[in-house]
Structures are given as C-alpha cells and as structure tokens.
Amino acid sequence: MSIVETIIDIPAEHERNVFGDIDAYLKLIERTLNVTLVSRDGQLKVLGDGIRVAKAKSVFETLLELSKRGTQIQEQNVSYALSLCFEDKENSLLSIDEDLICHTIQGKPIKPKTLGQKKYVDLIREKMIVFGIGPAGTGKTYLAMAMGIKAFKNDEVSRIILTRPAIEAGEKLGFLPGDLQSKVDPYLRPLYDALYQIMGPDSYAKNAEKGLIEVAPLAYMRGRTLDNAFIILDEAQNTTPAQMKMFLTRIGFGSKVIITGDLTQKDLPGNTGSGLEEAIKVLNKIEDIGFAYLTSQDVVRHPLVQKIVKAYDAYESKELKKKERRAVENKRKYKRTER
C-alpha cells in the first residue's frame with residue numbers, strides 16, 4: 001500500500017470549531033479513517049492510503065464550509081459526515097445545513113441535521129398528514145414543533161394543538177394531587193419543554209391564554225373538529241387503534257397533522273395493539289399522507305444515545321431470530337409426535 005500525502009488549509013479562526021476541543025474531532029476522524037493527521041501553522045497534513053486520504057480531505061472540507069457558515073460543529077456533525085463519506089454523500093451535509101426552519105429564543109438555528117430529518121421536514125411541507133416514526137433522539141417531535149411554530153408565526157395556521165396519550169412509561173404513579181390540568185401536565189412536560197425552548201415561556205403563556213396554543217391529553221380531542229390548526233400527536237405508539245381513528249377523524253380544513261412515535265417503546269397494557277402500528281398498515285397507500293422512517297443514523301442527541309439505540313436494535317433482532325428458530329423446532333417436534 002502506497003502512502004499518499006495531501007495538505008488542507010484550515011484558517012486559524014476555524015481550527016477549534018473544525019478540530020474540536022483538545023483536537024477531539026481530529027482524533028475521531030484519524031481513528032475512523034485510519035489516516036495520520038498533522039496540524040501546523042494553519043495547514044493540516046493528511047497521510048495514508050489514497051482512498052482514505054481523499055475521504056478525510058472531503059470530510060474536512062465539508063466541516064470547514066459548515067464552520068464558515070457559522071455552524072457550531074458538534075460531534076454528531078463529524079460522526080454523520082464520516083458515515084456519509086463511506087457512501088460518497090458527504091456533500092449532502094451542506095445541502096441539509098441550508099434548510100433553516102427557525103431560531104430558538106436564544107437565537108440558535110433549528111435545522112435538520114441528517115438526510116432522514118431532511119426528508120421528514122420536506123414531507124411536513126408537502127403533505128397534509130405526516131407520520132414521523134423512529135427511535136428516541138431523532139428529533140421527531142422537536143422538528144415538528146419548530147415547523148408548527150413557523151407556520152403559526154407566518155399565519156399559515158391560526159393555532160397550534162399539541163397532544164399525547166396520558167400513559168405512564170411502565171410505572172404506576174397512583175394518585176396525583178391537584179386539579180385536572182395538574183394531573184395531566186407531567187405527561188405533557190416534553191411538549192412544554194420544546195415550546196419554551198423555541199418560543200419562550202412568555203410568548204407561549206400569552207398565546208396559550210388566548211387559546212391559540214393548546215397542550216392537552218389525547219382524550220380531550222374527542223368530539224372536536226380541528227380546522228386551520230397545526231396539530232402534533234406525540235408518542236403515538238401509545239394510542240389504541242380506536243384512539244388513533246378518533247384522532248385522525250378530528251382533522252378539519254386548513255389543518256396540518258404530524259404524528260410521531262417510536263414502535264420500540266410501547267407502554268400499552270397487556271396485548272393491546274398500537275394505533276400507530278395499525279395506522280401504518282391501513283393508511284400507507286393514501287397519497288396525501290407521508291411516512292418518514294428515521295433510524296439510529298438520524299439520532300442527534302449525545303453520540304452514546306446512537307450506540308444505545310443500535311445495541312438495542314441488534315439485541316432485539318437477535319432475540320427475534322431465536323424465537324423464530326424455537327417456533328420452527330417446536331413445529332417439527334409437534335409433527336414428529338403426531339406420527
């Protein structure tokens with residue numbers, strides 16, 4: 001194997017953003033692509049196998065361009081650029097970065113960060129009803145919330161309605177003190193958190209008081225017709241088929257509906273079927289309904305979350321194969337005993 005060397009100019013003002021604190025991103029790229037990196041006087045020397053050096057150069061050029069655009073580079077950006085470089089799609093990261101949805105109350109830009117998230121956001125723009133399905137940390141609710149707030153501020157809708165089923169996550173919480181709103185608020189806390197971050201508590205309180213933003217449990221949707229609203233149903237894997245049908249038949253004129261859920265984290269009791277699972281089977285051929293399937297590749301929380309999701313996926317896949325093998329063996333034994 002012949003060693004190839006290339007030089008990349010990295011301006012001093014972008015070094016820390018591109019290389020990371022204590023050169024953390026530099027070491028990650030070096031380790032992942034098996035190349036040697038030497039930084040000196042605004043230049044980065046890359047040594048290694050020709051193909052790997054070319055990939056490293058492409059990744060650094062992408063990260064440098066992101067930095068020049070004012071993006072604060074995080075480990076997720078670097079990891080995703082590396083995963084894309086093995087598919088020769090690293091330039092996709094730049095086109096994804098151009099899609100600005102809105103800013104948080106602190107001025108932080110909200111953008112899709114992966115190809116899966118970009119497809120999800122584009123579907124929200126194009127379709128009346130969109131299902132966002134994927135594991136924790138893929139931005140399903142947060143991006144839907146950002147799109148809803150943008151539509152509300154642009155007068156595309158007259159109100160925002162956020163709802164989720166009030167189901168405990170594998171625990172029995174017993175009696176909760178306070179009035180009805182106090183009892184349901186703990187279940188809706190993740191929605192409030194996202195609202196406060198994007199809109200700010202004062203703006204939320206003012207609009208909520210006017211009835212323009214509503215956060216309510218799914219049971220409150222029965223009997224209503226929801227016109228000219230941006231509606232988000234969160235944690236839809238915890239709806240029953242009857243609840244999902246009830247919710248979908250509330251939709252009125254001028255409304256947009258986003259339904260998010262993670263089929264691997266159902267908290268329904270016993271053998272109760274998931275309304276989200278059934279809806280995917282029933283509605284997948286209707287043209288005005290979009291389905292965005294996010295994966296562990298689209299996780300944008302701490303990198304460890306992506307590893308956890310992948311580990312659980314691998315474990316569950318292995319357990320499923322074991323069950324299938326046992327079922328086949330039991331069938332064979334049953335046939336032998338019949339003879």
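Glu214 is partly exposed, with a relative accessible area of 21%; buried means under 20% relative accessible area, exposed over 50%, and partly exposed in between, for a 1.4 Å probe and protein chains only. The model is predicted, so local features need pLDDT of at least 70 and side-chain atom pairs count only at pLDDT 80 or more, while totals for chains, interfaces and linings use all residues. Residues are numbered from 1 along each chain as its sequence is written, and side-chain values use heavy atoms, with hydrogens and water left out.

The side chain of Glu214 meets that of Arg224 in a salt bridge, at 2.7 Å from N to O. A salt bridge here is a side-chain nitrogen of Lys or Arg within 4 Å of a carboxyl oxygen of Asp or Glu. Glu214 belongs to strand 8 (213–217) and Arg224 to the loop between strand 8 and strand 9 (229–233), so the pair ties together parts that are ten residues apart in sequence. Helices (H or I, at least four residues) and strands (E, at least two) are DSSP runs, numbered from the N terminus. Arg224 is partly exposed as well, with a relative accessible area of 22%.

Shared partners in salt bridges join Glu65, Arg69, Asp97, Glu98 and Lys111 into one network. Within it, Arg69 bridges to Glu65, and their closest N and O atoms are 3.4 Å apart. Arg69 is partly exposed at a relative accessible area of 34%, and Glu65 counts as partly exposed at 30%. The salt-bridge rule gives a count of 13. Another of these bridges joins the side chains of Lys118 and Asp122, with 3.1 Å from N to O. Both residues lie in helix 6 (residues 115–126), four residues apart, which is about one turn of the helix. Asp122 is partly exposed, with a relative accessible area of 23%.

Aromatic contacts come next. A pair of aromatic rings is described by the distance of the centres and the angle of the planes. Rings of Phe, Tyr and Trp (its six-membered ring) pair if their centres lie within 6.5 Å; planes under 30 degrees apart count as stacked, over 60 as edge-to-face and the rest as tilted. The whole structure holds six aromatic pairs. One of them is formed by Phe131 and Phe291: the ring centres are 4.9 Å apart and the planes stand at 10 degrees, so the pair is stacked. Phe131 is buried at a relative accessible area of 0%, and Phe291 counts as buried at 13%. Phe291 also pairs with Tyr293, with centres 6.4 Å apart and planes at 10 degrees, so this pair is stacked. Tyr293 is partly exposed, with a relative accessible area of 48%.

Helix 7 (residues 140–153) has 14 residues, which at 1.5 Å a residue should span 20 Å; its end C-alpha atoms are 20 Å apart, in agreement. The expected span is 1.5 Å times one less than the number of residues. Eleven of the 14 residues are buried, so helix 7 is largely enclosed by the rest of the structure. Among the buried residues are Leu143, Met145, Met147, Ile149 and Phe152.

Most residues other than glycine have a negative phi. Just after helix 7, Asp155 takes a positive phi of about 60 degrees. Asn34, which is not a glycine, has a positive phi of about 55 degrees. Asn34 is found in the loop between helix 2 (24–33) and strand 2 (36–40), and at 58% relative accessibility it counts as exposed. Asn228 also has a positive phi, near 45 degrees. Its place is in the loop between strand 8 and strand 9, and Asn228 is partly exposed, with a relative accessible area of 30%.

Finally, the axes of helix 1 (residues 12–19) and helix 3 (residues 50–68) come within 9 Å and cross at roughly 115 degrees. Helix 1 is therefore roughly perpendicular to helix 3. Axes are lines fitted to C-alpha atoms, for helices over the stretch in contact, and angles run from 0 to 180 degrees between N-to-C directions. Angles under 35 degrees count as roughly parallel, over 145 as roughly antiparallel, 65 to 115 as roughly perpendicular and the rest as oblique.
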